[in-house]
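This report describes a predicted model.

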Amino acid sequence: MSATPIPPRLEVQSLRRVFDGQPVVDDVSFSIPAGQVTCLLGPSGCGKSTTLRMIAGVDMQDAGRIFVDGKLICDTVFRVPPERRAIGLMFQDFALFPHLTVAENVGFGLKGSAAEKRARVEELLGKVRLTRHANSYPHALSGGEQQRVALARALAPRPGILLMDEPFSGLDERLRDDIRDDTLALLKDEGTAVLLVTHEPHEAMRMADEILLMRSGKIVQRGAPYNLYNAPVDRAAAAFFSDINVLKGRVQGALTPTPFGDFLTPGHADGTEIDIVIRPQHLKIDFDRAGRGPNPTPQDGTPARGIVERARFLGRESLVEFRMEFDGSILRASVPNVFLPKPGTPMWLMIRRDRCFVFAA
Ligand SMILES: Nc1ncnc2c1ncn2[C@@H]1O[C@H](COP(=O)(O)OP(=O)(O)OP(=O)(O)O)[C@@H](O)[C@H]1O
Ligand SMILES: [Mg+2]
């Protein structure tokens, strides 16, 4: 006897949406198990909200199917209406009802006896730490407190799935990380499957178990935050998560020669133009010793000299821009803490071979 596998809470198969002849969501498939937070991450206009709206049932796909707990809820013929999907929604403009108290807002969509409703509202207000504001009206709360009320309201009916569209974007920058962490703890506690839409990589890295990186209607890469950051599929995917430096080269044999020495570039035909992509924190910096730099090593390759153009202290790190002597281009290096060499100082840069990414240009 084999146990029946548990179907994912939410599954989306080959979802497609076309506006004016243009596909804005194109063959999107993914699934989310209970208790997992998946972030749909991508630049403005890539089709994130459209994907969410089809799952919520407020927009209809042109192709593809949506399943909840293994049951079909929507294809191009059959469609469970939005109010019967047991899917919670929380959008950027999470308008609370201004004439209802905090407790009434949270209890608004609840069914069941008065005692059951009261118990659920109390439970959630406790979890979002707003018990003492139960009888306040929304206008008397801070932005962050209002956001927590909206979250409690969305979770009150125990939706198996919660769809969140840029839910933190209206909040003060300094508040956001705390509220993200609180929200995440509550979502995990409730065991909800969450699809969170954001265009901020920092937010996706902080919140997601899995990231779906979307571009022009398609999912171009998926995986844990660590994998997307450390093994991007292409130059644009690398650039989405941080500043990058790009070194150009052309393959000769299995190597690409550059001013920083030869890079191994197997799998690319002779003559292929190559982008070697390096994040600023993976450039190594060394001092100039009367015109000489450090000796080349297999890990760091050959050093190349640059002149400090500008150095800025950013709090956790310093960002130093070098004008490279080999072609006059700018490379950016970031260094932990305070490192502010004077403009005009010559220094040597090296590229850690295990931390750069190689793509065909
Ligand atoms: N009802 C509509 N009619 C025509 N075009 C639409 C419609 N809704 C969305 N679009 C287009 O589809 C594309 C994707 O829109 P969508 O709102 O899904 O983007 P998004 O990824 O959520 O972007 P943002 O981060 O700016 O919210 C955009 O080019 C948008 O103009
Ligand atoms: Mg959107």
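In helix H3, the buried residues are Val121, Leu124 and Leu125. Viewed down the axis of H3, these buried residues fall within an arc of 100 degrees, so they line one face of the helix. An α-helix has 3.6 residues a turn, so residues three or four places apart point the same way. The face of H3 turned away from the buried side carries exposed residues, namely Ala115, Glu116, Ala119, Glu123 and Gly126. On the buried side, the packing partners of H3 are H2 and H4. Just after H3, Arg129 has a positive phi of about 55 degrees.

Helix H4, one of these partners of H3, spans residues 143-155. H4 is mostly covered, with ten of its 13 residues buried. The buried residues are Gln146, Gln147, Arg148, Val149, Ala150, Leu151, Ala152, Arg153, Ala154 and Leu155.

Which residues are around ligand 1? They are Phe19, Val24, Gly42, Ser44, Gly45, Cys46, Gly47, Lys48, Ser49, Thr50 and His199. By class, this shell has three nonpolar, seven polar and one charged residues. Its largest share, three residues, comes from helix H1 (residues 48-56).

The domain assignment divides the chain into domain 1, made of 10-86 and 159-239, and domain 2, made of 242-360. Taken over C-alpha atoms, the centres of domain 1 and domain 2 are 36 Å apart. How many residues of each domain are in contact with the other? Five residues of domain 1 are in contact with six residues of domain 2. The side of domain 1 that touches domain 2 has three nonpolar and two charged residues, and no polar ones.

Notes: Residues are numbered from 1 along each chain as its sequence is written. Chains are lettered from A and ligands numbered from 1 in the order in which they are written. This is a predicted model: local features need pLDDT of at least 70, side-chain atom pairs count only at pLDDT 80 or more; totals for chains, interfaces and linings use all residues. Domain bounds come from an automatic or database domain assignment. Two residues are in contact if their C-beta atoms, placed from the backbone, lie within 7 Å. Ala, Val, Leu, Ile, Met, Phe, Trp, Tyr, Cys and Pro count as nonpolar, Asp, Glu, Lys and Arg as charged, and the others, Gly among them, as polar. A residue is near a molecule or strand if its C-beta atom, placed from the backbone, lies within 6 Å of it. Helices (H or I, at least four residues) and strands (E, at least two) are DSSP runs, numbered from the N terminus. The expected span of a helix is 1.5 Å times one less than its number of residues. A residue is buried if 20 or more other C-beta atoms lie within 10 Å of its own, exposed if 12 or fewer, and partly exposed in between; C-beta atoms are placed from the backbone. The arc is that of the directions from the helix axis to the C-beta atoms.
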